[in-house]
Amino acid sequence: MAYKISERTLAEIDRLLKIYPQKEAVLIPALHEMQKEAGWIPEEAMDALGARLNIPYARVKGVVTFYTMFNRLPMGRFHLQVCRNISCHFAGAAGMLRHLEDKLNIKEGETTEDGLFTLSAVECLGSCGTAPVIAVNETYHENMTVEKTDRLLAELRAENNSD
Amino acid sequence: MPKLTIDGKTIEMPKGATILQAAQALGVYIPRYCYHPSLPVSGTCRMCVVEVEKTAKLQIACATEIADGMAVRTDTPAVKKARRDVLEYLLINHPVDCPICDQAGECFLQDYYMDHGLHKSRIAPGDKIRRSKRRAAGKYLTLDNERCILCTRCVRFCDEVTRTGELTVSGRNDASFIDMKEGKGVDNDYSLNIADICPVGAFTSRDFRFKARVWFLKKTGSICTGCAAGCNIEVHHNEGIVHRLMPAPNPETNTWLCDRGRMTYKVLRAGDRLSKARIKKGSMEPEPALRQAAHLIDDAAHRAGPESVAVLGSPYLSLEDNLAIAELASGSIKTGALCLDFSCEQGVKDGILINKDQTPNANGLKLLRARYGGLDQNALIGLINSGRIKLIVAEARALNSLREKLRDLSNIPTVILALAKSDLDFDSDCVLPYASYFETEGHFVNYKGRIQKTAAAVAAPEGVQPLWLVLSKISSYTGAPIKIEDTKAMSAKLSEYALGKSVIPAICKPGSIAAKSTRE
């Protein structure tokens, strides 16, 4: 099935093309828009975007793979991002990552079968003062402990059930 | 112009030149991986570091512009240590599989390791990061990511030269590798140049893989006969077998070489290469077959008059061979039905090299036509279609090119000269082999009018002779010889009739073409 870029993203691309002198500059904002819609960027989307901007596919792929925050696989509804940098590590992030792996029965980088959670270890989230930190999609959960993590999972499950 | 010194030697270079270019001009060699004179500078490999007086850190020579009064040193302990360290760094995850690597012998990692490295690896073989090996990257290339040092020459080639952009660096820092679209490869017309410019064994030619060790190859400078561009090439061969064609950069003709041109040597070893004559579908030694050909010509000329024999020149043949064809027609058979008119639209097709004219010598035919005249193409076609022609003497591909406009040829006997059976798309009772331009010398005139000469790199199959000699012998058998029996007579005739006495030596010095290589 051919990938279709949404009308909204296309409009955004057209708007940005007028602003930037080089069409390559539109790549990252356009990719952000696409990721916002689907949660991830499939190969077909890179192809479609390259065709739309008249940039070789390889250039788009280079950009997508360079930036770790562009997801290249379908993500769960909640993306749990456990910081693994030094402050969080000292404050117990490693144990928390292991705890989440056991609890969700998945490895880091994987998604639960029900499509609810994706677990990632990420680099510094810029919140060392409140380490350890787990980001769920765009929301930070700070000063985490194993107990708070369990509570967080329960809350997220409840949120999903209530929808 | 800024004046600088490199290792104590002074040179003046135009503003904007880099240290590396200045060093090159001085004859000081600075090792490099990512720098290539025909590609934009990227400065990723750090191999070309030099010490510049009054700067705190080492500078990369490929991207540092020269300035007046600059003092550069390329031989200090700091530079030597930096080169060694860069090499060690590049070799951390390199598989060192030289014994099975095609690049061995012309590999920049090997060469620089011997010149600048000679260190012991601190990484155990088992600890190296493994990557994909032997990934097919299009029709002509294989990609081995393990051997890659990420110089990005290939990526820049696809971006800047062919502008097709098939390749990219995927991922980041220690996890990055050269990548392309899943299921797609490098499918532009110049892909094999990537195997040339790849300084290591990451991109290798699928055609050349495992055919020969490069240190056994002998190199002969020659001309590509794939189209009217007249690219200068190096024929790499060993023990009488051509293994590959490489570009021999010449500012007048080419920097690169197209994939189609590189494959022109295939005709030599193809299963359908003619090494024997074919008379009435049976194989025969070339020499006695010439009598048969002479008999056919005599027969037709006696029965229906010499004008009933049509003789075709060919834009695929050298000046020598076409001259013999023209001599055969006008001097021996004495027919007016000679056609040397095969010109077609010329010019660079894709903005790089490949010419609209797929024949190598249409302009050579023009030179001969000025001397010998002959019919224009349509007049000859008309003559053949009217049934007045009782015998056609032609080279196979030249006759093929007229086939669409010709009526059925099955009733007209032909004497055909062909390299391979696949060149014949019609039946002929008399097919004679001739030596290809990898096996004999021949002059060609490219689309710009540049006269160039191929070189005999390997020997022709036993009994197979240059086409002009074949025709010369046929003419002797018919009793009206054209009297061109050896190369001396040929070149005398060529300078007298076709080129004028002074032209050949002035324009073309055989053997002097291979100035430098694209490998850099």
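In chain A, strand 1 (residues 78–83) runs parallel to strand 2, the two being paired over 6 bridges, where two strands are said to pair if DSSP finds at least two bridges between them, and where strands (E, at least two residues) and helices (H or I, at least four residues) are DSSP runs, numbered from the N terminus. Within this pairing, A:Val82 stands opposite A:Ala121 of strand 2 of chain A. The structure is a predicted model, in which local features need pLDDT of at least 70 and side-chain atom pairs count only at pLDDT 80 or more, whereas totals for chains, interfaces and linings use all residues. Residues are numbered from 1 along each chain as its sequence is written, while chains are lettered from A and ligands numbered from 1 in the order in which they are written.

The two strands belong to an open sheet of 4 strands in chain A, with the order 2-1-3-4 and mixed pairing. Strand 2 (117–122) and strand 4 (139–141) of chain A are at the edges and have a single partner strand each, so one side of each is left without a neighbour in the sheet. On average, neighbouring strands of this sheet are turned by 25° against each other, direction ignored; axes are lines fitted to C-alpha atoms, for helices over the stretch in contact, and angles run from 0 to 180 degrees between N-to-C directions. Helix 6 (residues 93–104) of chain A packs on the sheet and touches strand 1 and strand 2 of chain A, its direction making about 150° with that of strand 1 of chain A; residues are in contact if their C-beta atoms, placed from the backbone, lie within 7 Å.

Chain B also contains a sheet, an open one of 5 strands in the order 2-1-5-3-4, with mixed pairing. Its edges are strand 2 (9–12) and strand 4 (59–60) of chain B, each with a single partner strand, so one side of each is left without a neighbour in the sheet. Strand 1 (residues 3–6) and strand 5 (residues 71–73) of chain B pair in the parallel sense over 2 bridges, and B:Thr5 has B:Ala71 in strand 5 of chain B as its bridge partner.

Elsewhere in chain B, the axes of helix 8 (residues 286–304) and helix 13 (residues 467–478) come within 8 Å and cross at roughly 60°. Helix 8 and helix 13 of chain B are therefore oblique to each other, given that angles under 35 degrees count as roughly parallel, over 145 as roughly antiparallel, 65 to 115 as roughly perpendicular and the rest as oblique.

Notes: Two residues are in contact if their C-beta atoms, placed from the backbone, lie within 7 Å.
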